[in-house]
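Hello,

Here is the structure I promised to pass on to you.

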Amino acid sequence: MEIALVLGAPLLGGLLLALVGHKRWAPELNAAMSLVTLGAAAMLTGRVIADGPMTAMEEQFFVDPFNVFLVALTAFVGFTTALFSRPYMRIEEHHGRLNAARLRLYHSMYQLFSFTMMLCLLSNNVGILWVALEGATLSTVLLVSLYRTPASLEAAWKYFILCSVGIAQALFGVILLYFAAEKVLGAGGTALLWTHLYQVRGQLEPTVLSLAFVFLLVGFGTKVGLVPLHNWLPDAHAEGPTPVSAVLSGLLLNVALYAVVRSKVLVDGALGHNFSGGLMMGFGLLSVVVAAFLLSRQKDIKRMFAYSSIEHMGIMTFAFGMGGPVAAFAGLLHMTVHSLTKSAIFFTVGHATQKTGTQNMADIRGLIEQSPAIGWGLILGSLAILGMPPFGVFTSEFMVLTTAMHEQPWATPVLLVALGVAFAAIFGKVQPMVFGETNLRRLPHPPALVPVFVHLAIVLMLGLYIPPYLVDWYRQAAALIG
C-alpha cells in the first residue's frame with residue numbers, strides 16, 4: 001500500500017500538472033503532490049523500521065533499510081525544492097524567461113522525475129531500475145533545456161548524449177548479470193531480481209560478474225558524475241533552472257550511486273576479494289582530486305558548486321569502495337548531509353543570481369547587505385559543504401578520513417590535499433560575493449529561504465548529535481552494504 005502511494009503520488013502529480021501546470025496555482029499543486037509523496041515515504045519508513053525488509057507486487061518491488069533511507073531523503077529534498085521553486089519560477093516568469101507552456105512542462109517533468117527516482121530505488125528488478133534511470137535522464141533533459149537558449153540546448157544535448165552512452169554501457173552490464181544469474185536461477189524474471197541474486201551471489205560465475213561490474217560502474221558512474229565521465233554535469237547544472245540543479249545534485253547522483261553500491265554487494269559475494277572496491281576507490285579518488293583542482297578555475301557560481309558535487313560524490317564512492325560497516329556508515333551519512341547542504345546552497349545561489357541578473361561570480365557582490373538571509377544562507381551553506389565543524393559534513397568526512405588512515409593509508413594524504421584545495425577555492429570565491437560592496441535592488445517576489453535554514457539546521461544537528469533511531473537505521477543499512 002505504502003509503496004503504491006510513494007510511486008502513485010508523483011505519477012498522478014505529473015499527469016495533473018501536464019494539464020494544469022500553467023495555472024497560477026500550479027506551483028502550490030506541485031508542492032502539495034510532493035508533500036503527499038513525503039507523507040507516503042514517512043509511512044513506508046515507519047513500516048520498514050517496525051517490520052523489517054519486505055517485498056510487494058509479486059516481488060517486483062522491495063524495501064530494506066538501505067533503499068528506504070534514500071526514499072525518505074529523496075522525498076524530503078523533493079518537497080523542500082518544490083517549496084523553493086514556487087517564488088523562484090514566478091520571478092523567472094516575471095523576468096520573461098519562461099512562458100505558460102514552459103511552466104507546464106517544468107511542473108509536470110518535476111513530478112515525473114520524482115516518480116522515476118522512486119521507481120529506481122524501490123524496484124527489485126535490475127532491468128526496471130535501468131529503465132527508470134533512463135526515464136530520469138529524459139525528464140531532466142527537458143528540464144535542463146527549459147530556457148531554450150543556445151547554451152541550455154547545448155548543455156541538454158551533451159547531457160543526453162553522454163548519459164545515453166553511459167546508460168548503454170550499464171545495459172550491457174545488466175545483460176551480463178542476467179547471463180551469469182540464468183545458469184543458477186534459470187531463465188525468467190527471477191534472474192534479475194535483487195533479492196534472488198543476493199541469495200545465490202556466491203554461486204554466480206566470477207569472471208562474468210567482474211566484467212558485468214565494470215560495465216555497470218562505467219554506466220551508472222556516468223550518472224554519478226565520476227571523473228572522467230563527468231563532463232555533462234557542470235553544463236547541466238549551470239544552464240538549467242536552479243531547482244533542477246538542486247534535485248540533480250542532491251538526488252539523482254545519489255540514486256545512480258545506489259545502483260553502483262547494490263551491484264558491488266553482488267560482486268563482493270561472488271569474487272570474495274575487493275575487486276569492485278578497488279575500482280570504486282580509484283574512480284572516487286580521481287573524482288575528488290580532479291574536481292578540487294578544477295574548482296579554482298570556475299567563474300560561474302553554479303558550475304563551481306557542480307564541481308563541488310563531483311568532489312563529494314567521489315568521497316562517497318571512495319567510502320563505499322573501502323567497504324566495512326564504518327566506511328558504509330560514513331558514506332550514508334555523507335549522502336544525507338551532502339544532499340541537504342548542496343540543495344540549500346543551490347536555493348541561495350538561485351535567488352542570488354536572480355537578484356544580480358548574472359551567474360558570473362565577479363559580478364555578484366554584497367549579498368549580506370541587500371538580503372541578509374541570502375547572504376547568511378550562502379556563507380553558512382558554503383562553510384557546511386567545506387566540512388567546517390560542527391556541521392555534519394565534517395563528521396562524515398572525518399569518519400571517511402580516519403577509516404582511510406586505518407584501511408588505505410596511501411589515500412589519506414591525497415584526500416587531505418584535495419579537501420584543502422577545495423576549501424581554499426570555494427571560500428576564496430564565496431567570501432567577496434557575500435561581504436563585498438554592492439548597489440543591488442530588491443526582488444519582485446520575496447525569496448523562499450525557509451527550506452535553506454531547515455536543511456542547514458538538520459546538517460548542523462547531524463554534526464552535533466545523531467538521534468539513536470537514526471544511528472540504528474544507518475547501522476542496519478551499513479550492515480547490508482558494508
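Below are some notes on a pair of helices and on the aromatic rings.

Please keep in mind that this is a predicted model.

Let me begin with the helices. α13 (residues 325–356) packs against α16 (residues 392–407) with an angle of about 150 degrees and 8 Å between the axes. Angles over 145 degrees count as roughly antiparallel, and that is therefore how α13 and α16 run relative to each other. The crossing of α13 past α16 is left-handed. On the α13 side, the residues in contact include Val 326, Phe 329 and Leu 333, while those of α16 include Val 393, Met 399 and Val 400. The contact of α13 with α16 is made up of nine nonpolar residues, six polar ones and one charged.

Now to the rings, where the count is 13 aromatic pairs. One of them is Phe 69 with Trp 473: the ring centres are 6.1 Å apart and the planes stand at 90 degrees, so this pair is edge-to-face. Phe 69 belongs to helix α3 (residues 65–94) and Trp 473 to helix α19 (residues 468–481), so the pair joins distant parts of the chain, 404 residues apart. Both Phe 69 and Trp 473 are buried.

For Tyr 106 and Tyr 110, the centres are 6.0 Å apart and the planes at 45 degrees, so the pair is tilted. Both sit in helix α4 (residues 100–122), four residues apart, or about one turn of the helix. Tyr 106 is buried at 0% relative accessibility, and Tyr 110 is buried at 1%.

Best wishes

Methods. Residues are numbered from 1 along each chain as its sequence is written. This is a predicted model: local features need pLDDT of at least 70, side-chain atom pairs count only at pLDDT 80 or more; totals for chains, interfaces and linings use all residues. Side-chain values use heavy atoms; hydrogens and water are left out. Axes are lines fitted to C-alpha atoms, for helices over the stretch in contact, and angles run from 0 to 180 degrees between N-to-C directions. Helices (H or I, at least four residues) and strands (E, at least two) are DSSP runs, numbered from the N terminus. Angles under 35 degrees count as roughly parallel, over 145 as roughly antiparallel, 65 to 115 as roughly perpendicular and the rest as oblique. A crossing is left-handed if the near helix is turned anticlockwise from the far one by less than a right angle, and right-handed if clockwise. Contact means heavy atoms within 4.5 Å. Ala, Val, Leu, Ile, Met, Phe, Trp, Tyr, Cys and Pro count as nonpolar, Asp, Glu, Lys and Arg as charged, and the others, Gly among them, as polar. Rings of Phe, Tyr and Trp (its six-membered ring) pair if their centres lie within 6.5 Å; planes under 30 degrees apart count as stacked, over 60 as edge-to-face and the rest as tilted. Buried means under 20% relative accessible area, exposed over 50%, partly exposed in between (1.4 Å probe, protein chains only).
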